Amino acid sequence: MSKTDQNVPLCIDIDGTLTYTDTLVEAYITWLKRSPWAAIKAWLYIRDGRAQFKRAVAKHSSINVALLPYNEELITWLKEQKKQGRRLILTTASDKLIAQDIADHLGFIDEVIGSNGVDNLSGHGKRKVLVRRFGDRGFDYAGNAPADLRVWPAARKIIVVNTGPWVRRKAEEIGHVSKQFLRQTGRFDIKVFLHELRVHQWVKNLLIFLPLLTAHAFTDMSLLLNALFAFFAFSLTASCVYLFNDLMDLESDREHLTKRHRPLAAGTLPIDIAVFTLLGMPALSLLIALLLPWSFLGLLGLYVIINVAYSLLLKSIPFVDVFVLASLYVLRVFAGSAATGIPTSIWLFIFAAFIFLSLALVKRTSELYNLEKQGKTQAVGRGYKVQHRKLLTNVGIGSSVISLIVLGFYTTSPAVTPLYATPLLLLLLIPIFAIWLARIWRFTLHGSMNEDPIVFAAHDTMSYATAGTALVIIFFAI
């Protein structure tokens, strides 16, 4: 480093540069979780200016800056600059209170310049403050966004961080780009986006077709089309729910062994993309749902309400959470009935309730197993401790057994006779499902189960073989 560089302060943006997230959004989410009504009313501060809104959020939030997804490559370089005597200044449009917390956590930042409740330091506002403080060309600046194109013309040297080709090209046209950090983490990527939407989880919504299957009505094209509409409406809604859950669970996910790799938690997907999607995608789902009976729309709304209640409160209550998860699976079956007009039998309802309760307990049990491997005693935001694993296992296996008993009663009930020529063949389904459930629990108890058993089944050859064998048995029974 030259003597000149050593004497010129290095100013660093936070959102998208130092971190792969938006600290204002994350701070607002923590406020929303703690005081939903107060956080919603906070939008009234916008009339007094963005800086006032940012200050209100900063004062009432409890963002854990230690868990933010930081740009480690940039931080390593900044530490080297610091060792050589460089003065490092966080210069951000975020509120100064949040920026100061980040500076205190990092431990090598000399000064913080940020929005203060009066001045909003974004774009031209940031440039004006920096020029007034250090003079034109009297500072170097590291940024990433189009807003930084307004700051760079006043900087002596430009440090480009995590930008797209257009911003990088514009920065090179402005002045001397002395350093580039071109890792694309935190920028939009369609594969990452689809992963965040959990498109692979849409397999759960195939339960919507179950009433069609049990009523042998797959040849009715109008009913099949309704079921397809219901499938896509439910899938889009479910993806929005996953987005909402991930936004609410950012802190706990970052402390989780596997969930910390989720796009929003890891910062591989811009958080603003998630917010805009969450605002827009429900409209598409609603348009599809309006093609179906009103009862389906009501169940879709109930699904959203239960999920929101689960994210904000119910997931932290032991056993209530697993019953809620099981109810969401059963709700999909009823949604299929509402879309097609085919009623769900009491037998199917009871069977689905117990088998999905068992699978929900598989999910919790495997999470506790992973916690134990990490040497932790309790998951963040959950009501379970590792010593509850045995109890959850016993209840889960018991639920599996009850579901098989219900299946046995169904196959010998009078309700079966009109639908099947040889209903006794359906008894073969009991050992088929018993083997599958036993295998699921064996993997769980050995610690090799994916934390979501449905996702596990979607990638498991034996699960496909089980489903295929069950369909063959049903075919011959018909």
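Predicted model: local features only at pLDDT ≥ 70, side-chain atom pairs only at ≥ 80, totals over all residues.
Biologist: Is Ser-222 buried, partly exposed or exposed?
Modeller: The relative accessible area of Ser-222 is 47%. Buried requires under 20% and exposed requires over 50%, with partly exposed in between. Because 47% falls in that middle range, Ser-222 is partly exposed.

Biologist: What distance separates the C-alpha atoms of Ser-222 and Thr-340?
Modeller: Ser-222 and Thr-340 are 118 residues apart along the chain.

Biologist: How are the axes of α11 and α15 oriented relative to each other, roughly parallel or roughly antiparallel?
Modeller: Two packed helices are described by the angle between their axes and the distance between the axes. For α11 and α15, the axes come within 10 Å and cross at roughly 15 degrees. Angles under 35 degrees count as roughly parallel. Therefore α11 and α15 are roughly parallel.

Biologist: How many charged residues does the contact of α11 with α15 have?
Modeller: The α11 side includes Ala-230, Phe-234 and Val-241, and the α15 side includes Phe-296, Leu-300 and Val-304. By class, this contact of α11 with α15 has 13 nonpolar and 4 polar residues. The number of charged residues in the contact of α11 with α15 is none.

Biologist: Is the crossing of α17 and α19 left-handed or right-handed?
Modeller: Helix α17 covers residues 346-373 and helix α19 covers residues 429-445, and they pack at an angle of about 15 degrees with axes 9 Å apart. That angle makes α17 roughly parallel to α19. The handedness is a separate property, and for α17 passing α19 the crossing is left-handed.

Biologist: How many nonpolar residues are in the contact of α17 with α19?
Modeller: Among the residues that α17 contributes are Ile-355, Leu-359 and Tyr-369, while α19 contributes residues including Trp-436, Ile-440 and Trp-441. The contact of α17 with α19 has 4 polar and no charged residues. Its nonpolar residues number 10.

Biologist: Where is Arg-198, a residue with positive phi that is not a glycine?
Modeller: The phi of Arg-198 is about 55 degrees. Arg-198 is buried, with a relative accessible area of 7%. Its place in the chain is the loop between α9 (190-196) and α10 (210-214).

Biologist: What is the relative accessible area of Phe-319?
Modeller: Phe-319 also has a positive phi, near 70 degrees, and is a residue other than glycine. The place of Phe-319 is in the loop between α15 (294-312) and α16 (320-340). Phe-319 is partly exposed, and its relative accessible area is 25%.

Biologist: What percentage of the residues of the chain count as buried?
Modeller: The chain has 21 helices and 6 strands, and its C-alpha atoms fill a box of roughly 90 × 50 × 40 Å along the principal axes. Of the 478 residues of the chain, the share that count as buried is 51%.

Methods. Residues numbered from 1 in each chain as written. Heavy atoms only, no water. Axes fitted to C-alpha atoms, helices over the stretch in contact; angles between N-to-C directions. Helix = DSSP H or I, 4+ residues; strand = E, 2+ residues; numbered from the N terminus. Parallel < 35°, antiparallel > 145°, perpendicular 65-115°, else oblique. Left-handed = near helix turned anticlockwise from the far one by under 90°. Contact = heavy atoms within 4.5 Å. Nonpolar A, V, L, I, M, F, W, Y, C, P; charged D, E, K, R; others polar. Buried < 20%, exposed > 50% of the residue type's maximum accessible area, 1.4 Å probe, protein only.
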